[in-house]
Structure formats: C-alpha cells, structure tokens
Amino acid sequence: MGVDVCRPDNRPNTTLDQCRSRRGGLLDVAAMGSSFIPIATSSLVPDDGWRKFMDPSQPFQQAGKTTLDLPSDASIEMPVAIVTEGQNHTTSELGLGLSSVFLQSLVDAGLIAARVFGLNAGSQSTAQPREGSLVLGGYDTASISSHFTEYPMDYPLLKEISNRVCPLQVKIRKLILRPADGDDITLSDEGSEIDACIEPYDNLFRLPTFAFDLFKQHTQWTSDTTGDPELLVTEPGLFYPSSTGFNGSLLISLNNDFEVEIPNAELQHPLRGIAANGTRVLNNNITEANVYFNSAPLQAVVLGKAFLSQVYLAVDYDAKRFKLARQIQRDVTPNPAHLSPCSSKKLGGGSIAAIVIGSVLGLLIALLLWSGWYFRKRLEAINWKVEHFPHSQSQTKTVPLQHA
C-alpha cells in the first residue's frame, strides 16, 4: 500500500490516521531512493480476483524491484506492486497464491526445494490470543495435533461461482450451529455439499444465503444493533448487544472426513474498530460474531482465519495438493520439516525456510533458514490498543493482539 492510497479523495469518511492504521503502514517509494527500481505494471500478472477488487481502477498503480534481505545473509530480488487506489483492500500482503512470485523466487534462489508452505494462523481471540507461524518449503510439526487429511488442487476455479479463483477448495458436508444451551441446529441442506474456499487472508466466515439466514434466526440477531459511528470497521460481522451476546460454537464437517469445531472464543468478541486517532480499540457494549454481515458475495463460502484458528494448513503447489490437520491450541516453538519425501530430495535436508510471525496479515519480512534458531517479530503497526468504554484513563489498557 503506497502513501497516496491515503490522500483525501481516496479515504472518504475516514481520517488520515484511520487510513494509515487500516493499511498497517504505508510504503513511501520516493523515500526508498535507488533501492526501488521502477518497472512497468504490465509486467505483473494479477489474478482475476484482484482485478475485480480493484475495478474500475487498474490492478496496480506502480511497480518496482527491490531486494529482500534475509537473516541468513542471503537476499533475493523481488518485484513489488504498489496500490494507491480503491477501498476493497486493507493491509499490504505477502503473495502466497497459486502463482506466487515470492515462493518461486525462493525456489529459484535455492532457498527452498518446492513451492510449499505451512501456515499456523494463530488466533485473533481477544480472550486467548495466540501467535502463528509460516513455514516456507515445508510445515511445522510442532503446530499439529492430528494426522493430515489431503485434498487435491485440481479445480483452482469455482466454475459454478463466476470462475472464482479458489485453489484451496473443499466441500462442506455438514454445517452445524451448536448453542451453549440447546440442541444442534443444522445450517446446511441434508445430503448436499457446499463448495467453499479456504482464504488465509480473510478474517470472517462468509456463508451462503440459506445458512446465513438460519444463523441470524437462531442467534436472535436483529438489525436494531448497529456499529459504533466513531469507529472504522473495515470488515464488519454480525452485531449483537453485549447484554445478549453470542454463545455457541460451529461444527464443520468437510469431505474426506475432516471435522472441526470452532469454539465460541473464535466466533465472537467485543466490536473491533479503528478510532479517529488511528488506535485499534474494542467497544465492549457490542458483541461481534465472526460471520460477515451479509451473505457471501456470489454465494462463495469462505473459511477464513476463524476456521484456521483450529486448522493447520499445508500447501504444495508443485504437487497440486494441500493438507489439513487439527492445530495445537497454544504457542509453540516451530519445528520445520519437509512436507513430502519428494520435495526433500530436490535439495539437501537443511533447505527449509520459515517465517515466524506475530501477524499473517501484515507485510511479512522476517525470514529464517532452518539452522537451529528462529526469528520472532511482532508487527508494531498491527498491535491493538484495547480501550474499555466509556473512555477513561483508569479503564484503558494496552493488550498486544496478533492480528488486524
């Protein structure tokens, strides 16, 4: 995200501080001097999803090459796309998609053996926050508590949903709302499957209309509860008065017999937003459920970071497959390993790189090579300041959360 994305005509109804905070920091190309070499934006090939996000603007407004220095004293030259238009995006992101230039550059440099990564997304829970980790070239054995369930990656597009780009595609066989007090409520059609995309950079669940309507009905949601007009909420969920709240879990059964229950701590929290001065705050008078406030665009179901708080994701683009496993629910010291014997044969046993991070939404630049140590860094720009309402000095404290 370039500095011009926060110019006055591109931040309607928000302050400059809110815009900067929403973006997780801005890149000033002019200040980079000779370390940023401009290139034509046409040399970059964004996927169709990004084109739709940016329409009617161009996908990127600037592009250049710069050097990414690694703690191992190695470095790779990387293209960087700069965005200075539009509203359908938030923070800078490290490309880990099907055609990731970053992963391919690491392979070309001999730093990893294959276009493989393993993701522990950590937790965004306000009550039980947990750091995550990203392993490049393998996965983290310390993060998983079950065997892997494997899925093919032979249908990168959802043909029935406007050709949505979706390499990490699964089928939901059962979607069950489990109230703390009461019987299970089925949100899916019996006997039918729901196509869904796993999206590591999405915060919230996005449900098809029929499941979304049932969820609202059985959680006593009403349109009477609105957000805080003083806060910028970029990806709103469903709002409930804190006196009512939301108390339940979500059971998700996928094809290939993988099942996981998303606990209440990952499904609800006090309303999160950005105050006018750019601080990240919580409004304890409003409970927000981690379900997008509208039905899924184009009915494309999304399993985002609330889902991944319980599920470890390992992706092998070269083998056209990905794997899911239950995730350890505590902070761990990463223990990287190769995902498959095939990838380990391409390079020596030590050729695994890992990023250990405090947030997977920010621009991730802390890289470690597997040499018996790791580098941990919190992204200061994305730490949350938690304020208890009403505002007073005695009711304000700072709590470091790991995710925007």
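Glu261 forms a salt bridge with Arg178. A salt bridge here is a side-chain nitrogen of Lys or Arg within 4 Å of a carboxyl oxygen of Asp or Glu. The closest N and O atoms of Glu261 and Arg178 are 3.3 Å apart. The pair links distant parts of the chain. Glu261 sits in strand S15 (residues 258-262), while Arg178 sits in strand S10, and 83 residues separate them. Helices (H or I, at least four residues) and strands (E, at least two) are DSSP runs, numbered from the N terminus.

How accessible are these two partners? Glu261 has a relative accessible area of 32%, so Glu261 is partly exposed. Arg178 is partly exposed too, at 27% relative accessibility. The cut-offs are simple: buried means under 20% relative accessible area, exposed means over 50%, and partly exposed lies in between (1.4 Å probe, protein chains only).

The model is predicted: local features need pLDDT of at least 70, side-chain atom pairs count only at pLDDT 80 or more, and totals for chains, interfaces and linings use all residues. Residues are numbered from 1 along each chain as its sequence is written, and side-chain values use heavy atoms, with hydrogens and water left out.

## Other salt bridges

The structure holds 13 salt bridges. One of them joins Arg206 to Asp202, with the closest N and O atoms 3.4 Å apart. Both Arg206 and Asp202 are buried.

Another joins Lys216 to Asp213. Here the closest N and O atoms are 4.0 Å apart. Both residues lie in helix H5 (residues 209-218). They are three residues apart, about one turn of the helix. An α-helix has 3.6 residues a turn, so residues three or four places apart point the same way. Lys216 is buried, with a relative accessible area of 18%. Asp213 is partly exposed, at 38%.

## Two disulfides

How many disulfides does a search of the whole structure find? The search finds two. A disulfide is a pair of cysteine sulfur atoms within 2.5 Å. Count the bonded cysteines along the chain, and the pattern is 1-2, 3-4.

Cys6 lies in the segment before H1 and Cys19 lies in helix H1, so the pair ties together parts that are 13 residues apart in sequence. Both cysteines are buried.

The other disulfide is formed by Cys166 and Cys197, their sulfur atoms 2.3 Å apart. The torsion about the S-S bond is about -135 degrees, so this disulfide is left-handed. Cys166 lies in the loop between strand S9 (164-165) and strand S10 (169-179), and Cys197 lies in strand S12 (residues 194-198), so the pair ties together parts that are 31 residues apart in sequence. Cys166 and Cys197 are both buried.

## Helix H1 and its cover

Which residues of helix H1 (residues 16-23) are buried? They are Gln18, Cys19, Ser21, Arg22 and Arg23. What covers the buried residues of H1 includes strand S16 (268-274) and strand S17 (280-292). Contact means heavy atoms within 4.5 Å. Just after H1 comes Gly24, which takes a positive phi of about 70 degrees.
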